[in-house]
Amino acid sequence: MNQYHIHVRGLVQGVGFRPYVYRLANEMGLRGYVDNSNDGVLIVLQSTCIQKEKFLKALIKSVPEVASIEHIETVQCRVSKKYESFDIAPSRSSGDEITRISPDIAICSDCLKDRKHQLHRMGYPFINCTHCGPRFSIIEKLPYDRAVTTMSSFGMCDTCREEYADVNDRRFHAQPIACNECGPHYTLRDSEGNEDTVYIRIVSRISDVLSNGGVVALKSLGGYNLICDADNEQAVARIRELKGRYAKPLAVMYRDEREVMVDLNLSDEERKALNSWRRPIVLAEEKVHNAPWLNEGYRSLGVLLPYMAIHYDLFTEAPELRRIVVTSGNMGGRPIVIADEEAHDLFDSKVDSVVSYNRDIYNRVDDSVVQEYDGVCRPIRRSRGYTPEPLRNVQATEGILAVGAEQVSCFAIGKKEDILLGQHIGELSCRENLSFFEESISHFSRMFRFEPRCVVCDLHPDYFATAWGERYAAERHIPVYRVQHHHAHAVAVMAEYALTGDVLALCLDGTGYGDDCTIWGGELIRCSRTEYRRLSHHLYLPMPGGDIAAREPWRMAVSLLYSLYGENMPLPDDFVKRVGEDRIKLVSRMIARRINTPLSSGAGRLFDAVASLLGIADFNRYRSEAPQKLEQVADRSILKIYSFDKDNPLDFSWLVKAVLNDLQKGVPRSEIASAFHRTYAAMWCVELAKQAVRQKLSRVVLCGGVFQNKLLVDILMPMLRQLGLQPYLPASVPCNDAGIAVGQMAVTAAWIEQSMNHNDKRHARVVVGL
């Protein structure tokens, strides 16, 4: 008889892993115990070598659905005590190592059934088990036990306690376990200040409000949502007015998948994502665009399915409701509201009912958003259902704090070789989002026992994240590293796919501070984790008025044509009528005299310009409206590619002239938009093929916010493969600036390792070329 200590790392806490181990060991007649610790699960097994091997094979084969095993370490030890059975031991907490924390999980089908026959949970809305329920949103620190969650104030009743202690019960050590007698409950407050705490009546009253065109603020897993009937134009307009979100598309929750299929064309991958335990918002193609108040100018719609019991109950109570708008409860881009008092202050006078519950949300998380690209559903916004899943890095990341970028803010902390990316935060120029940023870093530091040893930030001197990171480092007397924006974008993809060595990186976005103090955003670079060199880039265009040019695409249209044609710009007549001659003359003079016209090679600015020339959007009412609608307008059945100079493929004068000629001929905008996308992709493919030969590289990483353009990706990926190149597009981390912190950390980890290998003790560095 031997004794083995089996250390299992991964997502193995809060997902029914210990009961699974217990049942497996007892079925095999083995002895020992299993326990939780802050760094994973420890299995002490007394068995023969053959029994141990069979146990390990079975352990991996039938792991619970939400659980995932990343690493198993087995050590043979001396038998100091003979065990008579196999048991579950109390949790331990020691040292600074940590295990994975589960994201929040949608209610499971078994719990939905239990609400119909378990007497103490009949209709109970906060039902959960080891396979579902709140996780990240309620946990304060590790190991994951009830005492360190926001369920700690709810004492278990005798029935729940028996289930919690019964290893054969599905709720064994389900930390948020609760029932009608001992768990959280809802409270509804109407616009007149009257309150109701009877759940059946609350559901009925919410349903009545929604069915009659009203608006409700409903506390969800990670924060408050504003909800209304998605097919009631006036109700949707009311939510838009309340949020100050007058044009941006809204997400819609359908009662079930069958109803989704009535309105949308879903691929197998989209259906899989929609029904997954993560329950993200899935961007998918509409069959018919019949509710423009939800997504004006789009052929895609963001849809999700119920993930809390109350969502199912609302649809059951109101059978006439097919779908409801579900949007973050916030104002003007501020953080989603999580505090009940703040929700009442903000919404009591503006909605028909505010529905809260008496369990605190510790970590706020918005709904995540995914879209299918190249056959894989990839995150655009990574939050509920994904955070705080880590990425494994090839170098040690311990103690590195990466503060990310500015507009789509996400930070990351490093533990051992893991990169723990924070949840979606928003634009840091908003004071409330900066506070959310600070709060989340504090929470992550506590949960994951993180002690910062250095800070890494963007090169851009005016980013709030950069200023914050420098101040944070100075207060703690720790070093600061600075990573160029597109180097970080590229290495984020390398980190996700564990790529080492050199790659080609096509970085397409709107803004990135360049080595030459201009704004980059359309670059092909050769890079490793430690160094990079810019190989080619877009034409530099002046940005008349600076940042305002990103909000007013017509300015970039003038800039593009002025840069190519000078004062004799061939501006379309309808463009001149829409914008006005005086405005055009003013901007032309700014460009000619170089007054407040910083230079940009950003791909986003080219897409802005073309969208405005086609009359799609002259002003961005929200970030990237013009390029998004340019994609949406394009007719995907049109396969036309304009002629261009293959010896100088990044000469965009050919492309612009072709667009203007087609526009003058009266060619439909849908055809021009499609030809623009296909030609743009083809131009970059020619450039990539040339550079691949010169650089003797075949791996190509694709990064930057422009790769949220599904049409562009679906055109480009097969083109690259046909050229014999291997493209890598992010699949776990957003391609936009939300992934910057991952790249910052991976670059810094590589620099630190390189410095240690060369006995280099420098603490700060900027690499600008190979």
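Start by selecting R529, which counts as buried because its relative accessibility is 5%, under the 20% cut-off. Keep in mind that this is a predicted model.

**Stop 1: around R529**

Show the neighbouring strands. R529 sits in the loop between β25 (519-527) and β26 (532-537). The side chains of R529 and N393 are joined by a polar contact of 2.8 Å. The R529 side chain reaches the backbone oxygen of L499 at 3.0 Å.

Zoom out and pick I616. This residue is 87 residues from R529 along the chain. Their C-alpha atoms are separated by 39 Å.

**Stop 2: strand β21**

Select residues 418-421, which form strand β21. In a regular strand, side chains alternate between the two faces of the sheet. Which residues of β21 lie on each side? D418 and L420 are on one side, and I419 and L421 are on the other. All four are buried, so both faces of β21 are covered.

**Stop 3: the partners of β21**

Click P390: its bridge partner in β21 is L420.

Click A412: its bridge partner in β21 is L421.

**Last stop: the hairpin**

Follow the chain from β20 into β21. The hairpin of these strands has two residues between them. Select K416 here; its phi is positive, near 55 degrees.

Conventions: Residues are numbered from 1 along each chain as its sequence is written. This is a predicted model: local features need pLDDT of at least 70, side-chain atom pairs count only at pLDDT 80 or more; totals for chains, interfaces and linings use all residues. Side-chain values use heavy atoms; hydrogens and water are left out. Buried means under 20% relative accessible area, exposed over 50%, partly exposed in between (1.4 Å probe, protein chains only). A polar contact is a pair of N or O atoms within 3.5 Å; within protein, one must be able to donate a hydrogen and the other to accept it, and residues adjacent in sequence count only if both atoms are side-chain atoms. Two strands pair if DSSP finds at least two bridges between them.
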